[in-house]
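Visitor: I would like to go through this model label by label. Let us start once the structure is up.

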Amino acid sequence: MDKVAPSPASPRPAATVIVARDAGAEIEVLLAQRAPGLKFMANAHVFPGGALHAGDRAEALSVWSQRAAHAWPGTDDPELDRALAWTAVRETWEEVGVLLTTQPEADLSRVRELRRALHSGAALGEVLEQLALPLDLSALVPLIRWITPQSEPVRFDTRFYVARAPASQTLEPDGTETTAAIWCAPKRAIAESDQKMMILSPPTRRTLLEIADVTSVTELLERAQQQPAATVEPIMRIEPSGERLIVFPGDRDHPIAERVLRGPTRTIW
């Protein structure tokens, strides 16, 4: 009797943020290096982010939302839109110590102190109540949505936002999930990845390619606001050489014929 192929794992909702700042005639983005002992993407440089937590859905968070989160194309769930925007805020704060606020009156010593409460297991709503600083969720602008290939045992449905870096905040890796955090121009990160000097996850590298020509944060935000955030679910397969081939929409071997990314429709990773 032929074996029945197992159903693909359901992807977990997740969010990540491309925090960007101006750097002369280009931009720099915040990249966090994942700890070497992690089971998933150890030592890789990624945008800060992670999976949705139950506390990110808390109704109490609505008090601290100065403006509503953007709706994502192809979704009709405002509650999930809001929750994943809070996921993005929480993860960036937890992992690299950056609170995505545009308000200059934020007490940064208090921000650092309350970050420790998050690490100790406090819910985001409880921590924001102590901070008493409403945040602008509309500052997170949808850029692209990546869904892990169906062949992978652990899958995520991750919304990639872009946001302007808040002023006067320093990068502070948490030492558990992230061991380092840097500001790096997209072109430089891609070059260092090509030279095997930096590990980039496939979605991170491909997203950097999408924004490598951007010259300012204003341009990046305008681009994200003006074009619908594409959903990308690649196909991954192992080649006879043992290399992993990743195929994107628009490739002859992908079921979606329409190209949604710039550049090549396949890559070896």
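Guide: This is a predicted model. Helix 1 and helix 3 pack with their axes 11 Å apart, at an angle of about 75°.

Visitor: Why is helix 1 called roughly perpendicular to helix 3?

Guide: Angles of 65 to 115 degrees count as roughly perpendicular. The angle here is about 75°, so helix 1 is roughly perpendicular to helix 3.

Visitor: Which residues make that contact?

Guide: Helix 1 brings Trp-86, Arg-90 and Trp-93. Helix 3 brings Leu-124, Val-127, Leu-128 and Leu-131. By class, the contact of helix 1 with helix 3 has 6 nonpolar residues, no polar and 1 charged.

Visitor: Why are helix 4 and helix 5 called oblique to each other?

Guide: The axes of helix 4 (residues 186-194) and helix 5 (residues 202-211) cross at roughly 140°. Roughly antiparallel needs over 145, and roughly perpendicular ends at 115. The pair is therefore oblique. The two axes come within 9 Å, and helix 4 passes helix 5 in a left-handed crossing.

Visitor: What makes up the contact of helix 4 with helix 5?

Guide: Helix 4 supplies Pro-186, Ala-189, Ile-190, Ser-193 and Asp-194. Helix 5 supplies Arg-205, Leu-208, Leu-209 and Ile-211. They divide into 6 nonpolar, 1 polar and 2 charged residues.

Visitor: What makes a set of residues a nonpolar core, and how many residues has the largest one?

Guide: Its members must be buried and joined through side-chain atoms within 4.5 Å. The largest nonpolar core has 39 residues. Those with the most contacts inside it are Trp-86, Trp-93, Leu-128, Leu-131, Leu-140 and Tyr-161. Elements giving two or more residues include helix 2 (108-119) and strand 8 (156-164). Helix 1 gives the largest share, 9 residues.

Visitor: Which residues does Leu-128 touch?

Guide: Leaving out residues up to four places away in sequence, Leu-128 touches Leu-61, Trp-64, Trp-86, Trp-93, Leu-133 and Leu-135. A second, separate core has 30 residues, among them Phe-160, Leu-220, Met-236 and Phe-248.

Visitor: How do you know whether Ser-168 is buried or exposed?

Guide: Exposed means over 50% relative accessible area. Ser-168 has 64%, so Ser-168 counts as exposed. Ser-168 lies in the loop between strand 8 and strand 9. Its phi is near 70°, a positive value in a residue other than glycine.

Visitor: And what of Lys-196: buried or exposed?

Guide: The cut-off for exposed is over 50%. Lys-196 has a relative accessible area of 76%, so Lys-196 is exposed. Lys-196 sits in the loop between helix 4 and helix 5. Phi of Lys-196 is positive, about 65°, although Lys-196 is not a glycine.

Methods. Residues are numbered from 1 along each chain as its sequence is written. This is a predicted model: local features need pLDDT of at least 70, side-chain atom pairs count only at pLDDT 80 or more; totals for chains, interfaces and linings use all residues. Side-chain values use heavy atoms; hydrogens and water are left out. Buried means under 20% relative accessible area, exposed over 50%, partly exposed in between (1.4 Å probe, protein chains only). Helices (H or I, at least four residues) and strands (E, at least two) are DSSP runs, numbered from the N terminus. Contact means heavy atoms within 4.5 Å. Axes are lines fitted to C-alpha atoms, for helices over the stretch in contact, and angles run from 0 to 180 degrees between N-to-C directions. Angles under 35 degrees count as roughly parallel, over 145 as roughly antiparallel, 65 to 115 as roughly perpendicular and the rest as oblique. A crossing is left-handed if the near helix is turned anticlockwise from the far one by less than a right angle, and right-handed if clockwise. Ala, Val, Leu, Ile, Met, Phe, Trp, Tyr, Cys and Pro count as nonpolar, Asp, Glu, Lys and Arg as charged, and the others, Gly among them, as polar.
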